[in-house]
Amino acid sequence: MGLPPDKAKTHCPHGHELSGDNLEPWHLKTRNARACWTCHKQRAYKSRLLQVAAIGRAAKALGLTQAAYIDRYGWSRHVALQYA
Ligand SMILES: [Zn+2]
């Protein structure tokens with residue numbers, strides 16, 4: 001792949017330090033690559049919010065409670081977007 005080596009990077013593009021507790025553990029373990037844990041968590045949180053919002057809209061569109069919707073269709077945002 002055409003990705004540049006990231007050995008020299010000390011900070012992520014958002015200025016978080018790439019060391020110690022701020023290294024995303026999965027990347028480090030499986031690819032020996034350093035990724036920003038703070039940014040990773042922020043992306044995951046944002047994606048989770050979008051997912052919950054999509055499921056809420058889909059449940060409403062189908063006249064179900066959110067719990068009943070998840071029972072029937074699961075947590076997939078892609079499925080929810082078909083109904084939302
Ligand atoms: Zn970052």
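**Notebook: contacts, fold and core**

I began with contacts between residues at least 6 apart in the protein's sequence, and noted that 28% of them join residues at least 24 apart. I record here that the model is a predicted one.

**Overall form.** I looked up the secondary structure and found four helices and zero strands. Read from the N terminus, the order of elements is α-α-α-α. I then checked the radius of gyration: at 18 Å it is well over the 12 Å given by the globule rule for 84 residues, so the protein is more spread out than a compact globule. The C-alpha trace spans about 55 × 25 × 20 Å along its principal axes.

**Burial and core.** I noted that buried residues account for 8% of the 84 residues. Which residues form the largest nonpolar core? I listed five: Ile55, Ala58, Ala59, Tyr69 and Ala80. Helix α2, residues 37-61, supplies the largest share of this core, with three residues. I next examined Ala80, leaving aside residues up to four places away in sequence, and found that Ala80 touches Ala54, Ile55 and Ala58.

**Ser76.** I located Ser76 in the loop between α3 (66-73) and α4 (77-83). How many other C-beta atoms lie within 10 Å of Ser76? I recorded 14; a residue counts as buried at 20 or more and as exposed at 12 or fewer, so Ser76 is partly exposed. Finally, I looked up the separation of Ser76 from Ala54: the two are 22 residues apart along the chain, and their C-alpha atoms are 9.3 Å apart.

Note on methods. Residues are numbered from 1 along each chain as its sequence is written. This is a predicted model: local features need pLDDT of at least 70, side-chain atom pairs count only at pLDDT 80 or more; totals for chains, interfaces and linings use all residues. A nonpolar core is a set of buried Ala, Val, Leu, Ile, Met, Phe, Trp, Tyr and Cys residues joined through C-beta atoms within 7 Å. Helices (H or I, at least four residues) and strands (E, at least two) are DSSP runs, numbered from the N terminus. Two residues are in contact if their C-beta atoms, placed from the backbone, lie within 7 Å. The radius of gyration is taken over C-alpha atoms; the globule rule is 2.2 Å times the number of residues to the power 0.38.
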